[in-house]
Amino acid sequence: MYSRASTALTRPVVKGAVAAFFVLAIAAHALHALTGFGGTGSDAFFSQRVYDGVMVAAGLVAVARAVIVRQDRLAWTILALGLSSYAAGGLYWSLVHADDVTPPSPTGADALWILYYPCVYVGIALLMRSQVVAHRAAVWLDGLTGALAIGALGTAIVLPRVLSAYQGDTAALILNVAYPIGDMLVLGFVVAAMTVGWSTVGRAWYLLAAGLVVNSLANSAYVYSVATETYTRGTLQDSGWLLAAGLIALAAWQRPQVSAGQARSDRAIFAPLAASLAALGLSVYGILYHLTPVAAVLTVATLFAVVLRLALTLTENRTMLSHSQVEATTDALSGLGNRRRLMPDLEEAVQSPAATLVLFDLDGFKNYNDSFGHPAGDALLQRLSRRLDQAAQDHQGTAYRMGGDEFCVLLPCSGAAAEPGIGAALVALSEQGEGFIVTSSHGAVSLPDEATQAAPAMQLADQRLYSRKGGRRSSPRGQTKAALLQLIDETNPELGEHAFGVAALAVATARHLGMDAEEIDEVGRAAELHDIGKIAIPNEILRKPGPLTLDEWLLMHEHTMIGERILSAAAALAPVGRIVRATHERWDGEGYPDRLAGEEIPLGARVIAVCDAFDAMTSGRPYRSPVAFEAALHELRRCAGSQFDPRVMNAFLEIVHSLCEPWRDEPMAGASSGS
């Protein structure tokens with residue numbers, strides 16, 4: 001797309017030489033017009049040789065751009081034709097009519113100059129199509145509005161003078177009306193192009209637009225001055241044409257943009273705003289003075305376009321609002337309704353004669369995520385969501401995703417009539433394969449029999465869900481856990497009592513922290529089994545009344561790793577084993593066995609660490625008496641930020657008073673082993 005020749009076209013040395021030629025030539029022409037630089041004898045040289053040389057050079061540069069560079073070749077070929085035709089018109093005038101005192105109108109030069117306009121229109125349109133690959137109808141309408149406003153202003157200012165100057169000479173009138181109309185259309189095309197392609201235009205666009213605008217202004221000024229008989233050849237006004245040609249030539253010399261972009265309309269709103277103000281101003285002017293029919297029509301068209309733009313904006317805003325409302329109530333991953341959509345639906349359901357709210361939580365999903373990665377986990381959630389949605393629809397219900405691995409279904413029936421729908425949902429939310437099995441637990445509430453308000457219905461369903469999830473002892477995982485707990489109890493009953501107390505505190509703390517149902521379940525099981533590794537520690541160390549020796553401490557520190565190895569023997573308990581291993585890590589990184597710190601420590605392990613320390617202090621040790629309730633809390637607060645996670649500590653403190661109220665004023669009964 002961008003050849004060696006086109007690369008050479010934009011080399012700094014070449015660009016500098018071309019730019020220097022145009023700058024010096026245009027500056028010399030302007031200096032002569034202002035100060036008479038070169039003397040009166042050089043008037044013909046500047047007004048013909050310099051003028052025609054710059055115009056021809058600009059046309060040749062545009063032709064070279066079209067020949068050498070493939071990108072936008074057709075657009076620049078047509079622009080080069082227009083610019084060359086304009087230069088040829090100037091040459092024709094210099095050679096044939098330069099010495100005429102009263103040149104005829106029209107002439108052959110006029111035909112060449114008029115050809116410039118359609119070439120510019122087509123060239124700009126092709127560049128717009130090339131540079132802007134996507135846009136909204138409103139952006140195109142902004143461009144049209146700006147173009148109409150420019151046309152209305154130009155015809156209101158220039159046309160009256162032209163019409164009055166050429167009355168009776170039809171050919172001259174048509175020709176001189178064609179120029180300002182053509183220039184106004186050029187300005188309109190430029191405004192439209194800059195509006196539509198606001199975010200994609202580059203330096204070439206700005207230079208081209210500037211050149212076309214300067215040329216149109218110079219043409220309009222020429223027509224006006226001729227109509228008022230104030231035009232003099234060789235003045236600074238002629239330098240405007242040279243400046244326009246130089247800018248267009250430099251635009252052709254710029255490296256073209258390789259990729260097109262998405263059109264934007266945020267800042268383009270200034271175009272219709274300015275156009276509406278211009279149209280209103282012309283309307284007021286038309287009341288006070290006379291507007292030509294063309295200017296009046298263009299003014300009305302501008303106002304109509306502005307009104308149409310407002311209507312389109314209102315429609316777009318309504319569509320955006322509708323989309324925003326849908327997005328706000330839709331889960332992005334699954335496409336199901338989210339909690340925001342569920343709650344209004346649930347408010348209606350509790351007022352209906354019969355409905356059933358069912359909450360679901362996936363079992364085994366966290367292990368699946370840990371084993372196969374989050375992208376695979378997201379894909380699994382999407383598959384399950386599609387199946388759940390279909391199952392709900394088959395039973396005239398609605399499915400929702402609450403977040404994470406939690407789902408919900410609302411069924412329009414209750415009691416036995418809801419059982420087929422619940423069963424279908426449970427089947428939909430299950431999948432198994434090599435190395436994994438994902439199922440779900442659920443909690444159901446009949447409406448309005450069991451709840452007449454949305455919030456209590458959700459709370460009751462959540463309680464039943466967790467109760468069912470935590471009480472599934474018939475599963476292999478539940479049976480394995482029960483066997484290990486029995487082993488702990490048979491080996492050391494005190495460890496079993498301690499584990500029960502820690503588990504109760506850990507589950508309550510985890511729930512207060514907002515952990516999901518499966519995470520809470522894992523925390524509870526890890527808390528119950530966090531001391532499983534101590535069955536490998538000799539009793540004389542566990543029950544030693546005095547301080548432990550260094551070797552005894554080192555052996556004691558291995559109990560978390562032993563616990564992980566025991567639990568990892570059962571695949572379903574491997575995630576629990578990872579939590580157990582980290583239960584004696586410290587927030588400041590000074591714990592064991594891996595010296596993890598801060599967020600590196602699993603959240604469940606951080607929860608158990610706080611609950612374990614509290615239960616150990618208030619239950620006592622073989623070598624010391626139990627600590628009072630408030631004293632234990634004071635010690636925990638003191639260690640927050642060093643030994644314990646401050647966030648976990650705050651959650652624990654908020655729930656511990658209500659859970660442990662009976663033992664506030666005395667040590668908690670029982671004894672447990674060392675930590």
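1. Leu 91 lies in helix H4, and in this predicted model that residue is partly exposed, with a relative accessible area of 34%. Leu 91 also belongs to a nonpolar patch on the surface, which it forms together with Tyr 92, Leu 95 and Val 96; the accessible area of these residues together comes to about 370 Å².

2. Helix H4, which spans residues 73–97, also supplies at least two residues of the largest nonpolar core, a set of 53 residues in which Phe 22, Trp 76, Leu 208 and Leu 212 touch the most other members. At least two residues each are likewise supplied by helix H2 (12–35), helix H3 (43–68), helix H5 (108–131), helix H7 (170–196), helix H8 (203–227) and helix H9 (236–252). The largest share of this core comes from H5, with 11 residues.

3. Leu 208 may be taken as a point of entry to this core when the model is inspected. If its neighbours within four places in sequence are left aside, Leu 208 is in contact with Trp 76, Leu 79, Leu 127, Ile 248 and Ala 251, and of these Trp 76 is itself listed with Leu 208 among the residues that touch the most other core members.

4. Is Cys 408 buried or exposed? Cys 408, which lies in strand E5 (residues 406–411), has a relative accessible area of 0%, and it therefore counts as buried, since the cut-off for that class is under 20%.

5. For the protein chain as a whole, the secondary structure comes to 26 helices and 7 strands, and 47% of the 675 residues count as buried. Among contacts between residues at least 6 apart in sequence, 72% join residues that are at least 24 apart. The chain exposes about 31400 Å², of which carbon and sulfur atoms supply 62%.

Terms used. Residues numbered from 1 in each chain as written. Predicted model: local features only at pLDDT ≥ 70, side-chain atom pairs only at ≥ 80, totals over all residues. Heavy atoms only, no water. Helix = DSSP H or I, 4+ residues; strand = E, 2+ residues; numbered from the N terminus. Buried < 20%, exposed > 50% of the residue type's maximum accessible area, 1.4 Å probe, protein only. Contact = heavy atoms within 4.5 Å. Areas by Shrake-Rupley, 256 points an atom, 1.4 Å probe, with all protein chains shown as cover. Core = buried A, V, L, I, M, F, W, Y, C linked by side-chain atoms within 4.5 Å. Patch = residues over 30% accessible without salt bridge, like charges linked within 9 Å, V, L, I, M, F, W, Y side chains within 5 Å. Salt bridge = Lys/Arg side-chain N within 4 Å of Asp/Glu carboxyl O.
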